[in-house]
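Dear colleague,

Please find below the structure that I am handing over to you.

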Amino acid sequence: MNSPAAPATGPVHEDLARLSLVDHHCHGVITADLAPETFQSLITEGDVWPASGITPFDSPVGIAIRRHCAPLLDLPRHAPPTEYLARRAELGWREVSRRFLADAGTDVFCVDTGYRPDRLTTPAELAAVAGRPAAVAYEVVRLEAVAEALAAEGVEPDEYASLFADAAREAIEERGAVAVKSVAAYRTGFDLDPSRPSDADVTEAARRWLASGRTGGTTAVAEEGPHTRPRLDEPVLVRHLLWTAVDLGLPLQLHTGFGDNDIRMHRVDPTRLTDWLHLTSGTIPVLLLHCWPYQRQAAYLATVFEQVYFDLGLTLHHVGPVRARAILEEALEITPFRKLLHSSDAYGIAEFHHLGALAFRRGLAGLLQDRVDADELSLPDALRIAVWTGRDNACRVYGLSP
């Protein structure tokens, strides 16, 4: 029997452990040493509550950090939080990030640069910090950030639609982006009229939105800049944004499910997109991000719509390597094996790049190896599924070289 400290072994485990991953959705790491409270705020999707005596270290993700990340900082497994934070500060952000990114075994990063309240590494800087000779990073353009920047600069309502499309195309071309992303889940949820809005409707909605000057929320200031940016939460303009994504022709990433308390969880079930997916069939790949607790709903959509793919994103490091297998099993109950992708959604701290990769490798290897051992799956099929999910599916969707 394997000891508690040792991962399971077998051909699938060994193959996945060696596999160079494509992280198809992540963010940069903060280029500064972090105060203890700042670090704790980055390991929770909630808030920090110092006065309550509750710490994010006392959660599944906090325990996973102490168990699986501490050894990479030359600490014993389960090191106390105070020792962990002290060692992290001693090494400095760059060395800490190098260790975790290198150990993650990721050579391709698709980086969402649209949410930057802190100084984060650029995509190129993230790949460089990883210190892996083959590491490369590509950008994902967040469309709400493009719209909000356009509004901050000043735009007339009747020009908004065409100038937004032009600005999005320019951002894609300048940055060599491989995909676009929307956070409609945070702004309106998916209870939207699925049809393409008319030009007149877009102009009138732009007039309302620009006149209101609404700001606030976790994504109000989407990137660094000199302007205060209004928050794009006008339903007609969010619909227009989604249809503009179709016109742009690149894969569209959509946040679904798990997120911070700006989400209204009952409104972000991805099956609410069903009518829109019917209308956009045969156009662009749609990639559902994170998905928990709707991983089964995402699996259903990926099964019945050719253009739908999904990942489990930050879910896996928040539940930890032990529970990751159960979430992956639910995601793969009916899903075509070419439809599930790997991502970490790591933001701010490189621990999540490491934990996301670790939880994915162990969880997927465990369930595939058990199916091989039960003769429900051949070993060649299991190894092929592992490579598809960890690397090749993303390469195919985004047109990347494997």
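Two strands are taken to pair if DSSP finds at least two bridges between them. On that basis, R142 stands opposite K181 in β4, and the strands β3 and β4 pair in the parallel sense over three bridges. Please note that this is a predicted model.

The sheet

These strands belong to an open sheet of seven, in the order β1-β2-β3-β4-β5-β6-β7, with parallel pairing. The edges are formed by β1 (21–26) and β7 (308–310); each has a single partner strand, so one side of each is left without a neighbour in the sheet. From one strand to the next, the twist averages 25°.

Strand β4 (residues 179–182) is covered on both faces. In a regular strand the side chains alternate between the two faces of the sheet. In β4, A179 and K181 lie on one side and V180 and S182 on the other, and all are buried. Strand β4 also pairs with strand β5 (residues 252–256), in the parallel sense and over three bridges. There, L252 in β5 is the bridge partner of V180.

The helices

Which residues of helix α13 (residues 295–304) are buried? They are Q295, A298, A299, L301 and A302. Seen down the axis of α13, these buried residues fall within an arc of 165°, so they line one face of the helix. They pack against α12 (274–279), β6 (286–290), β7 and α14.

The crossing of α3 past α14 is left-handed. On the α3 side the contact involves P60, V61, A64 and H68, which meet H317, H318, V319, G320 and P321 in α14. By class, the residues of this contact comprise five nonpolar, four polar and no charged.

Yours sincerely

Terms used. Residues numbered from 1 in each chain as written. Predicted model: local features only at pLDDT ≥ 70, side-chain atom pairs only at ≥ 80, totals over all residues. Heavy atoms only, no water. Left-handed = near helix turned anticlockwise from the far one by under 90°. Helix = DSSP H or I, 4+ residues; strand = E, 2+ residues; numbered from the N terminus. Contact = heavy atoms within 4.5 Å. Nonpolar A, V, L, I, M, F, W, Y, C, P; charged D, E, K, R; others polar. Axes fitted to C-alpha atoms, helices over the stretch in contact; angles between N-to-C directions. Buried < 20%, exposed > 50% of the residue type's maximum accessible area, 1.4 Å probe, protein only. Arc of directions from axis to C-beta.
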